[in-house]
Structures are given as C-alpha cells and as structure tokens.
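Okay, thanks for coming, everyone. Let me put the model up, and then we'll walk through a few spots in it.

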Amino acid sequence: MAVCGKLWSRNLVAVSLLVCVLLQTMDVHARPAMNMSASKDKTKDENEILPPDHLNGLKMEMDGHLNKDFHQEVFLGKEMEEFEEDSEPRRNRKKLIEIFTKVDFDQDRSVSAKEMQRWIMEKTEEHFQEAMTENKNSFRAVDPDGNGHVTWDEYRVKFLASKGFNEQEVAEKIKNNEDLKLDEETQEVLESLKDRWFQADNPPADQLLDEQEFLSFLHPEHSRGMLKYMVKEIVRDLDQDGDKKLTLSEFISLPVGTVENQQAQDIDDDWVRERKKEFEEVIDSDRDGIVTMDELEEYMDPMNEHNALNEAKQMIAVADENQNHNLELDEILKYSEYFTGSKLMDYARNVHEEF
C-alpha cells in the first residue's frame with residue numbers, strides 16, 4: 001500500500017481500496033495547487049523529509065492497512081531487494097539456501113520456532129539500523145546550519161520547498177507572519193505533521209527536535225511514545241462509535257466506495273477475510289472481540305519478543321507439511337513465494353546435494 005501515494009489526512013481509511021490498487025500501476029503523486037511562485041523541480045526530495053507511509057518490519061501501515069510484505073521483511077531484512085520478481089530463479093534459490101543455513105543456528109538441518117524468532121529479531125534490528133542511517137541524511141536536509149536541532153518553522157519551510165514552493169519566499173513569509181495562501185489539502189497535511197512534530201518533542205518540550213527526536217518523528221517505531229501516538233491515530237481513523245476501541249466490524253469495514261465489478265468484489269472479499277483473520281487470531285490477544293489501544297500497541301511493537309515468537313510459529317506453520325513444528329529446507333524452498341515474494345522453479349531438485 002505504500003506505493004499508492006497515500007495522503008496524510010484524518011480520512012486516510014476512507015480512501016477507496018480499489019482506487020489504491022489501480023494506482024499501484026501508475027506513477028501518481030498528489031501535488032498541491034501552487035499559490036506562490038513554484039519551481040518546476042522540487043528543491044528537495046519530499047520522501048527524504050516526510051514520514052514514510054510504509055515502515056519496514058511493522059505489521060500495519062500508517063493508515064491502518066495490513067502490511068502485505070511483513071513476512072518477507074522480517075525474514076529477509078535488508079536482502080529483500082535481492083529477491084525481485086525479475087531476478088534469476090536459480091540465483092534466488094541458492095540465496096535462499098544460504099539464508100536457511102544462517103537461520104538454522106544449531107545446524108541440525110531444521111529450523112525451530114526459537115531459531116526463527118531469533119532470526120526475525122535480527123532482521124527487525126536491520127530495518128531499525130537502516131532507518132537510523134537514512135535519518136542522518138534526512139536530518140541534515142532540514143538542519144543545513146548543522147546546529148543539531150530544527151524548529152517547526154525550519155521544517156515547514158523545507159517541507160513546502162519539497163512540494164515545489166519557492167524556499168526563500170516561504171521563509172520570508174513565515175518570518176514576517178504573512179499568510180502563505182496554501183490550498184486546503186496542503187494545509188491539512190501541515191496540520192497533521194505539526195501534531196506529529198510536537199508529539200516527537202520529548203519532555204521538557206522546547207519545540208525543537210534533535211536528531212533522535214527527528215528519528216521518532218519519521219519512524220514512530222523507534223519511540224514508545226510515538227508508537228502510542230501512531231496507535232491512537234489508527235484507532236481514531238477506524239473507530240466508528242468513539243469508544244477508543246475497535247470491534248471486528250469496525251476493523252474489517254470496507255473503504256468507502258461501491259463494488260462495481262467482480263474483480264473489485266474479489267478485492268473486497270480478500271480485504272475482509274485477511275483483516276478478520278488477523279483481528280481474531282493475532283491482535284485480539286484476550287479473545288474478547290474487542291481490540292484495545294494496549295492490544296494494538298502490543299501488536300504493532302516490532303521489538304516485542306513474544307510477537308516475534310508467535311510470528312515465527314505462524315511462518316513455520318504455513319510451510320510445515322510434515323507437521324513436526326519445524327521447517328526443513330525442502331519446505332522453505334517449496335513455499336519460497338511466501339518467504340521471499342519470489343517463486344522458484346524446480347524447488348526440490350537436488351536439494352540435499354546442494355545443502
């Protein structure tokens with residue numbers, strides 16, 4: 001869903017799932033109307049300074065959609081790009097065998113749930129380290145004077161410049177408290193970002209963000225306080241009766257839009273089925289039919305070892321054809337598409353010889 005160019009607004013969940021799916025094949029980026037002089041090219045890459053829609057290693061997107069790539073992210077870590085659809089199957093097969101030998105910590109040619117849990121935690125940590133590295137570049141982009149902290153106004157200037165507005169003109173207007181004459185959409189995004197900005201400002205609040213606080217601003221999974229904020233935002237978008245909890249019907253409610261054809265109906269059916277399964281079997285930990293903010297926060301926490309163990313058991317169960325609660329090499333090769341997103345040909349050929 002991260003490729004869909006989702007808008008930062010309080011009505012994210014109301015966006016039609018069908019439209020989002022169609023947009024995946026298009027290069028579409030929402031642009032605000034230019035009410036001030038704007039350059040043809042963005043002065044900064046907005047993805048460099050905007051909180052990402054998609055967070056690697058988290059089960060849920062910022063807008064409440066399930067992360068479809070989660071299994072691959074926590075199994076492959078930073079090696080995900082090596083398993084692209086157009087890559088050579090035999091090379092992928094060899095790489096997958098290499099990964100299996102690393103996951104198999106005790107080298108007994110079988111991966112247990114504990115071994116898979118350990119591996120998932122390592123791959124999640126890789127995503128954390130990758131985010132921290134990217135954050136250094138992002139922070140430099142908004143802190144050009146290198147004084148180690150950024151004000152909201154400084155960030156606001158860089159954000160609007162990234163959207164195509166003239167940076168000097170914006171800075172001058174903000175300095176003089178002049179009306180920026182922003183369109184409604186851009187103003188709404190700024191308000192959402194401002195709320196998030198001040199949430200990331202650790203006490204004692206000084207309305208400045210240092211590099212670590214800016215990391216929390218971009219990646220809420222790096223801060224317990226920001227993770228709570230992310231959960232609160234998701235619940236607010238999905239909660240229909242205002243009780244700050246989620247029922248199954250609220251969690252599986254279809255995005256706004258009528259089903260116009262069978263393909264769209266199939267998409268909607270998949271949406272309901274997948275979310276119902278996740279709600280009942282994973283998120284609702286006490287099985288009372290209600291998901292609280294605490295339960296959702298527990299579910300969203302990428303460094304929760306209990307979650308990692310449950311995820312390990314689920315991943316093994318998908319491919320555990322001999323029902324021994326472990327994962328053998330031939331099983332992981334046969335179900336390679338689940339673990340890597342890439343289907344391998346002749347998965348069982350000479351498995352034991354190569355291993």
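So, lysine 123: buried or exposed? Lysine 123 counts as buried because its relative accessible area is 4%, and buried means under 20%, exposed over 50%, partly exposed in between, using a 1.4 Å probe on protein chains only. This is a predicted model, where local features need pLDDT of at least 70, side-chain atom pairs count only at pLDDT 80 or more, and totals for chains, interfaces and linings use all residues. Residues are numbered from 1 along each chain as its sequence is written, and side-chain values use heavy atoms, leaving out hydrogens and water.

Back to our lysine. Lysine 123 sits in helix α5, residues 113-142; helices here are DSSP runs of H or I, at least four residues, numbered from the N terminus. What does lysine 123 touch, once its neighbours within four places in sequence are set aside? The list is Glu73, Val74, Phe75, Leu76, Gly77 and Glu79, with contact meaning heavy atoms within 4.5 Å. Lysine 78 is 45 residues away in sequence, yet 7.5 Å away in space, C-alpha to C-alpha.

Now the aromatics. Rings of Phe, Tyr and Trp (its six-membered ring) pair if their centres lie within 6.5 Å, with planes under 30 degrees apart called stacked, over 60 edge-to-face and the rest tilted. The whole structure has twelve such pairs. Tryptophan 197 and phenylalanine 217 have ring centres 5.2 Å apart and planes at 75 degrees, so they're edge-to-face. That pair connects helix α8 (residues 184-200) with helix α9 (residues 211-218), and both residues are buried.

Terms used
Helices (H or I, at least four residues) and strands (E, at least two) are DSSP runs, numbered from the N terminus.
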